[in-house]
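Dear colleague,

Please find below the structure that I am handing over to you.

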Amino acid sequence: MNYKELINKYKDVIPYAIFGVLTTVVNMGTYFVAAHILYLSIMLSTVVAWILAVMFAYITNRIWVFHSEAMTRKDILKEMSSFFSCRLATGIVDWGCMLLFVDFMHMNDVVIKMFANIVVIILNYIASKLLIFKHHSEQ
């Protein structure tokens, strides 16, 4: 496989990884500002950070990763609600992993958080690719 074929094969994965890192920066940066500069509660800071990170992820995934074809208000709202619903579901998976493996089974929180994040990233990619940003030719 030559260089061009390799790039074309992973044309969605590469920008997904880049914007995934940037989404994490948005999430962590927002959380830090909300919790440590504005002195909001931990939970409120977490929620605000999650909302801003998911909005950033939606916009970047829509435009630069999956090249969304949704143009009408109805289609964009449907796409956006699907994106937020899937991200909420994977957020629950993350929380559930932490609850089960750390709180109940007393496993290492950092190891479990890394494992949970890998699972969440894979699930988010699959949901985005197959459910949210489907192109008309793929439907």
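**The largest pocket**

In this predicted model, the residues lining the largest pocket divide into 19 nonpolar, ten polar and three charged. The lining comprises 32 residues in total, and those nearest the centre of the pocket are Asn27, Trp50, Asp94, Lys113 and Asn117. The volume of the largest pocket is about 1,200 Å³.

**Packing of the helices**

Two packed helices are described by the angle between their axes and the distance between the axes.

For α2 and α3, the angle is about 155° and the axes are 8 Å apart. Angles over 145 degrees count as roughly antiparallel, and α2 and α3 are therefore roughly antiparallel to each other. Their crossing is right-handed. The contact of α2 with α3 has 18 nonpolar and seven polar residues, and no charged ones.

The next pair is α3 and α4. The axes of helix α3 (residues 42–65) and helix α4 (residues 73–104) come within 11 Å and cross at roughly 130°. These two helices are therefore oblique to each other. In passing α4, α3 makes a right-handed crossing. On the side of α3, the contact is made by Trp50, Val54, Met55, Ala57, Tyr58, Asn61 and Arg62, while α4 brings Ile76, Glu79, Met80, Phe83, Phe84, Arg87 and Leu88. By class, the residues of this contact are ten nonpolar, one polar and three charged.

The last pair is α4 and helix α5 (residues 109–132), which pack at an angle of about 160° with their axes 9 Å apart. The two are therefore roughly antiparallel to each other. Here too the crossing, of α4 past α5, is right-handed. The contact of α4 with α5 contains 15 nonpolar, five polar and five charged residues.

Yours sincerely

Definitions and conventions. Residues numbered from 1 in each chain as written. Predicted model: local features only at pLDDT ≥ 70, side-chain atom pairs only at ≥ 80, totals over all residues. Heavy atoms only, no water. Axes fitted to C-alpha atoms, helices over the stretch in contact; angles between N-to-C directions. Helix = DSSP H or I, 4+ residues; strand = E, 2+ residues; numbered from the N terminus. Parallel < 35°, antiparallel > 145°, perpendicular 65-115°, else oblique. Left-handed = near helix turned anticlockwise from the far one by under 90°. Contact = heavy atoms within 4.5 Å. Nonpolar A, V, L, I, M, F, W, Y, C, P; charged D, E, K, R; others polar. 1 Å grid on protein atoms, 1.4 Å probe; cavity = no way out; pocket = protein on both sides within 12 Å on 5 of 7 lines; lining within 4 Å. Points joined across faces, edges and corners; volume = space filled by probe spheres on them.
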